[in-house]
Amino acid sequence: MSEVPQTDVSRPSALPTARLLQRNAVPLVEQNSSDYLDAIEEEWNKKVDVEIETLVDGMVDLVGLASIGDKDKFRIAQESYQAECRAESMIRAAHSLLSIIHSMKLLLLLSDESQIANRRDAEMRTVQRDREELQKQVSVILDELLHPPSQQQDDDAMHTT
């Protein structure tokens, strides 16, 4: 019998299936490409909307806390704490938005294969057209070089007319 030695090293094992992000969307197999992309776009829009809403609410609260008037030290300390908490949530929302922007840029750069393929195909068509034109030109020049019109053929053509 071989026993497994007791160590602090983690041993990879199969993880149970979990749904960390609950989605009410149709399973991926049953979705066509357009529906899938629409669902992804809607998810990104919701994320951005939540973070923007957090920033707007935070700004409104900060403006509300900045009222001028007779305040005792306790009220000033309380409003200061509220302003710090609101500012921290706004900072988290701003960082989250930056992260979303970065992710979207990467998605655009890494998954814009259709645009790359379209440009490549257009360039290929242009090169093929140019190649065919050049082949025709080379063919005409080769015909002229290999089969020059002889002076005698020209003379015979003149006498027959």
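Which residue forms a salt bridge with Arg-86? The legends below take this pair as their starting point and then turn to other parts of the chain.

**View 1. Arg-86 and Asp-61 form a salt bridge.** This is a predicted model, in which local features need pLDDT of at least 70 and side-chain atom pairs count only at pLDDT 80 or more, while totals for chains, interfaces and linings use all residues. Residues are numbered from 1 along each chain as its sequence is written, and side-chain values use heavy atoms, with hydrogens and water left out. The closest N and O atoms of Arg-86 and Asp-61 are 2.5 Å apart, where a salt bridge is defined as a side-chain nitrogen of Lys or Arg within 4 Å of a carboxyl oxygen of Asp or Glu. The pair links distant parts of the chain, since Arg-86 belongs to helix H2 (residues 73–111) and Asp-61 to helix H1 (residues 33–65), 25 residues apart. Helices (H or I, at least four residues) and strands (E, at least two) are DSSP runs, numbered from the N terminus. Arg-86 is partly exposed at 28% relative accessibility, and Asp-61 is also partly exposed, with a relative accessible area of 31%; here buried means under 20% relative accessible area, exposed means over 50%, and partly exposed lies in between (1.4 Å probe, protein chains only).

View 2. Glu-79 is buried, with a relative accessible area of 8%, whereas Arg-75 is partly exposed at 41%. Lys-71 joins Arg-75 and Glu-79 in one network, through salt bridges that share partners. The structure holds 4 salt bridges, and another of them is formed by Asp-121 and Arg-120, with the closest N and O atoms 3.7 Å apart.

**View 3. Ala-93 is a buried residue of helix H2.** The relative accessible area of Ala-93 is 2%. The C-alpha atoms of Ala-93 and Val-50 are separated by 8.6 Å, although the two residues are 43 residues apart along the chain. For the chain of 161 residues, buried residues make up 7%.

**View 4. Lys-47 lies over the face of Trp-44.** The distance to the ring centre is 4.7 Å, and a charge sits over a ring if NZ of Lys or CZ of Arg is within 6 Å of the ring centre and within 35 degrees of the ring normal.

**View 5. A nonpolar surface patch includes Leu-146 of helix H3 (residues 113–146).** The patch covers about 510 Å² and is made by Val-138, Ile-141, Leu-142, Leu-145 and Leu-146. Patches are made of residues with over 30% relative accessible area and no salt bridge, with like charges joined within 9 Å and nonpolar side chains (Val, Leu, Ile, Met, Phe, Trp, Tyr) within 5 Å, and accessible areas come from the Shrake-Rupley method with a 1.4 Å probe. Leu-146 is exposed, with a relative accessible area of 60%. An unreviewed UniProt entry lists residues 117–144 as a "coiled-coil region", an annotation that may be inferred rather than shown by experiment. In the model, this span is 100% helix and 0% strand, and its end C-alpha atoms lie 41 Å apart.
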